[in-house]
Amino acid sequence: MLRPGSIAIDGPAGSGKSTIGEQLATRLGYLYIDTGAMYRAVTWLALQNSVDTNNGPALAQLAQQAEIAIGYPKIDDGRQYTVTVHGRDITWAIRSPEVTRAVSTVSSHAQVRAVLIAQQQAIAEQVMAVMVGRDIGAVVLPNAPYKIYLTASLEERTRRRYAELLAQQKLYLADGNAAESILPSFEQVMSDIQRRDNIDRDNMQPAHDAIIVVTDSLSVQQVLEEIIRHLEEPTV
């Protein structure tokens, strides 16, 4: 199979980009980079240090000073990758409801995005990666040879996100984190996705040359095969 340079995958919350990105990276032998995890790491740091999530300059300084690293999974506990800040494993901590509620506000600040985009571009220069996010093809890696944009209906994205939260709840309970196991309702999840879509609207437009894949009626395997088919086609 052709091994292109770093591959950009974008799409709104619940479009399937995390699952597809991880499996595509595994198939190609690439590093999987979920850029959303980097914004979540900054959000987690802000909450830990009582930094106002509406203060862009303060958040940007926090992001600049933070030693955020994303690498291959180091623990077999269902994680897609390992996220550390200053060497501390926060892979599951950044998935807490508190971080989820605040991350769109943090990521909306141009100052924060500038810092993290520079870090993401540096990663892509060092390793072959499947990089997933909201603006990878349009902003972070505009010269990536392949740009994929996954999308799905609001209802389908809500169903997927709710199933993901159920799975995470089981992991939290298994680790004894009962306080973090409260599950929102399906309607609350849908409302949150709509809210995040509205906040992130300007940052999640597909690149002009992106391959658009609507995933509503497709299985993970079918989406992967569709992407692989495009990777095997010669670029123009």
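Thr 84 stands opposite Asp 89 in strand 5; strands here are DSSP runs of E, at least two residues, and helices are runs of H or I, at least four residues, both numbered from the N terminus. Strand 4 (residues 82-85) and strand 5 run antiparallel, joined by two bridges. For reference, two strands pair if DSSP finds at least two bridges between them.

The model is predicted, with pLDDT of at least 70 needed for local features and 80 or more for side-chain atom pairs, while totals for chains, interfaces and linings use all residues. Residues are numbered from 1 along each chain as its sequence is written, and side-chain values use heavy atoms, with hydrogens and water left out.

The open sheet here has three strands in the order 3-4-5, with antiparallel pairing. Strand 3 (68-71) and strand 5 (88-89) are its edge strands, each pairing on one side only. Helix 2 packs on this sheet and touches strand 3, strand 4 and strand 5; its direction makes about 140 degrees with that of strand 3. Contact means heavy atoms within 4.5 Å, and angles run from 0 to 180 degrees between N-to-C directions, using axes fitted to C-alpha atoms, for helices over the stretch in contact.

Another open sheet has five strands in the order 2-6-1-7-8, paired in parallel. Its edge strands, strand 2 and strand 8 (211-214), each pair on one side only. On average, neighbouring strands are turned by 20 degrees against each other, direction ignored.

Strand 1 (residues 7-10) pairs with strand 6 (residues 129-133) over four bridges, in the parallel sense. Ala 8 has Met 131 as its bridge partner in strand 6. Helix 2 packs on this sheet too, touching strand 2 and strand 6, and its direction makes about 50 degrees with that of strand 2. Helix 9 lies across strand 1, strand 7 (146-151) and strand 8, at about 155 degrees to strand 7.

## Aromatic pairs

Searching the whole structure gives two aromatic pairs, where rings of Phe, Tyr and Trp (its six-membered ring) pair if their centres lie within 6.5 Å, with planes under 30 degrees apart counted as stacked, over 60 as edge-to-face and the rest as tilted. The ring centres of Tyr 32 and Tyr 81 are 5.6 Å apart and the planes are at 45 degrees, so this pair is tilted. It links distant parts of the chain, 49 residues apart: Tyr 32 is in strand 2 (residues 31-34) and Tyr 81 in the loop between strand 3 and strand 4.

## The largest pocket

The lining of the largest pocket has 46 residues, with Ser 18, Asp 34, Arg 95, Arg 161 and Glu 164 nearest its centre. On a 1 Å grid over the protein atoms alone, with a 1.4 Å probe, a pocket is an open set of points with protein on both sides within 12 Å along at least five of seven lines, and lining residues have an atom within 4 Å of a point.

Helix 7 gives the largest share of the lining, eight residues. The lining divides into 14 nonpolar, 17 polar and 15 charged residues, where Ala, Val, Leu, Ile, Met, Phe, Trp, Tyr, Cys and Pro count as nonpolar, Asp, Glu, Lys and Arg as charged, and the others, Gly among them, as polar.
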